[in-house]
Structures are given as C-alpha cells and as structure tokens.
Amino acid sequence: MGNNGDPINARLSFDDYLKCGLQNAMVTKDLDTCLRELAARHGLHDSLGLKHLVNALTKRVGHPTSLTHLGQVLNQSVHDNENTVIKYVNTLLRDRVLLMVPNFNDAITGLTTPPKYYVGDHVFLNGLSSDAQFAQIEHLVVQELLRQLGTDHAVFFLKSESTDLDFYVPELSFGIVLALEAQSVATLTQAIKTFESAHQSVSCQRRQILTLGLAKTLECPFGQIDVIPLWKWLLTFDANAF
C-alpha cells in the first residue's frame with residue numbers, strides 16, 4: 001500500500017485493497033492447483049478432502065471449530081475418518097495454510113475447548129469465502145499479530161460466558177476487539193463492555209478497538225481504550241513498542 005506518508009492516501013489505498021487487492025494482486029495460482037501441490041508434497045491421497053476442509057474452515061472464521069465438526073464435514077464429502085482430519089489439519093498448520101489461535105480461557109479453567117482457525121494464504125480465502133470483507137479483515141489482523149509475535153501460543157482469543165475478546169496477547173497484557181461498525185453506538189458500547197468483563201478475569205492493560213474509520217481515545221473506569229482505524233493499525237502496530 002504505497003501512500004508516501006499521506007494518511008488520506010493510505011486510507012484510500014486500504015479501501016481499494018479491501019475491495020479488490022486481496023482478490024487480484026495476491027492470487028498467483030488457482031485454488032485447486034495449490035491444493036494438489038500441497039497434497040503431493042505431503043503424500044496425501046486426496047486433494048478434494050483438503051479443499052472441503054479449507055472450505056469448512058473459511059466459513060467459520062472467527063468461530064471456535066472442533067475436529068469433530070470438521071470430521072463430520074469431511075465424512076460427508078469424502079468419507080474419511082477422524083484420523084484423516086487430524087492429519088489434514090496438521091499438514092495445513094505445518095505449511096501455514098492454516099493458522100490456529102487457542103482460547104486463553106482454557107488456561108483459566110483447565111478445560112480444552114476448540115480453537116479458532118484462520119487461513120494463512122489468501123488464495124484459499126479468495127477461492128472459497130463468500131463473506132469477503134469481514135473474513136479478510138480478521139485474517140489481516142491475525143496474520144500481522146502472528147507475524148510479529150510468532151505462532152507458538154503467543155496469540156489467543158478469550159471467550160467465556162462473560163467475555164469475548166477477538167484477540168488477546170497475555171505476554172503483553174493486550175487485547176483487541178474488532179468493531180467494524182463502530183460508528184454505531186450499540187457496537188461501540190458492546191466493545192467497551194467486552195473489555196470491562198475481560199478486566200475481571202485477565203490482565204489487560206492495553207486495549208484497542210479496531211474500526212474501519214473511527215479514531216478516538218476512550219477513558220473508562222477500568223482504563224483507557226484506543227479506537228484505531230484498521231489501515232492505521234496495520235501501518236503502525238509494533239509489538240516491540242509495548
């Protein structure tokens with residue numbers, strides 16, 4: 001996104017990027033070719049199974065997804081068992097086709113709940129996702145977090161009965177809520193309530209609400225929340241500055 005330091009041009013470039021950049025500039029191969037190459041590289045017998053698996057995951061962006069659910073999807077399409085699902089998922093994670101984000105609430109409760117999966121290469125997202133904008137935005141955020149912080153259980157989400165943080169980095173005491181319609185009072189209020197409830201269960205000293213355009217600072221009883229446009233966050237976020 002070339003912008004020559006001009007924030008207006010940066011915003012316009014980012015809007016164009018969301019509308020067409022991910023759909024065109026980043027795709028160098030078609031989906032089926034990528035999956036056939038991946039299957040051949042790892043000795044997997046069926047790229048169709050991989051395609052159905054990635055398809056199922058792109059439809060559940062931002063939602064915890066169990067291996068049992070994926071097994072049911074895969075069994076309906078290619079009649080494979082749970083061991084095959086585990087093998088496929090591990091292969092996709094190893095090649096960073098998939099990115100996994102666990103629930104930090106598991107560390108609090110001692111339970112094991114389903115993680116969230118994201119797509120590491122936009123060719124897979126473009127080829128299968130019908131909900132373009134929100135899926136693209138959530139993937140951009142998780143990819144940037146994992147790029148800076150690594151994939152070794154540094155980035156989590158936090159979901160419990162009382163809170164639902166989109167992203168949580170315990171090492172930095174840092175949380176993110178995506179509020180794309182933040183101009184709506186109800187949406188912004190819900191994001192604030194999310195941080196308020198998270199404050200009761202985890203250390204979250206740095207709080208950011210990512211939006212499509214709104215920028216402001218909120219002073220709340222439990223601390224400050226920075227409301228930041230996503231385009232600016234992508235240009236300026238630096239985990240080392242925390």
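1. Let us begin with Lys51, which counts as partly exposed because its relative accessibility is 28% (buried means under 20% relative accessible area, exposed over 50%, and partly exposed in between, with a 1.4 Å probe and protein chains only). The model is a predicted one, in which local features need pLDDT of at least 70 and side-chain atom pairs pLDDT 80 or more, while totals for chains, interfaces and linings use all residues. Residues are numbered from 1 along each chain as its sequence is written, and side-chain values use heavy atoms, leaving out hydrogens and water.

2. Lys51 has a partner: it forms a salt bridge with Asp32, and their closest N and O atoms are 3.1 Å apart (a salt bridge is a side-chain nitrogen of Lys or Arg within 4 Å of a carboxyl oxygen of Asp or Glu). Lys51 sits in helix H3 (residues 47-58) and Asp32 in helix H2 (residues 31-41), so this pair ties together parts that are 19 residues apart in sequence (helices, H or I of at least four residues, and strands, E of at least two, are DSSP runs numbered from the N terminus). Asp32 is partly exposed, since its relative accessible area is 33%.

3. How many salt bridges does the structure hold? There are four, and another of them joins the side chains of Asp95 and Arg41, at 2.6 Å from N to O. This pair links distant parts of the chain, with Asp95 in the loop between H5 and E1 and Arg41 in helix H2, 54 residues apart. Asp95 is partly exposed because its relative accessibility is 27%, whereas Arg41, at 54%, is exposed.

4. A further salt bridge brings together the side chains of Glu144 and Arg147, again with an N to O distance of 2.6 Å. Here both residues belong to helix H8 and are three residues apart, about one turn of the helix.

5. Setting aside neighbours within four places in sequence, Val155 is in contact with Val101, Pro102, Leu145, Leu146, Leu149, Phe167, Tyr168 and Val169 (contact means heavy atoms within 4.5 Å).

6. Finally, take a look at two loop residues. Arg96 has a positive phi of about 60 degrees although it is not a glycine, and Arg96 lies in the loop between helix H5 (82-94) and E1. Ser173, also not a glycine, has a positive phi of about 50 degrees and lies in the loop between E4 and E5. Arg96 counts as partly exposed at 41% relative accessibility, but Ser173, at 9%, counts as buried.
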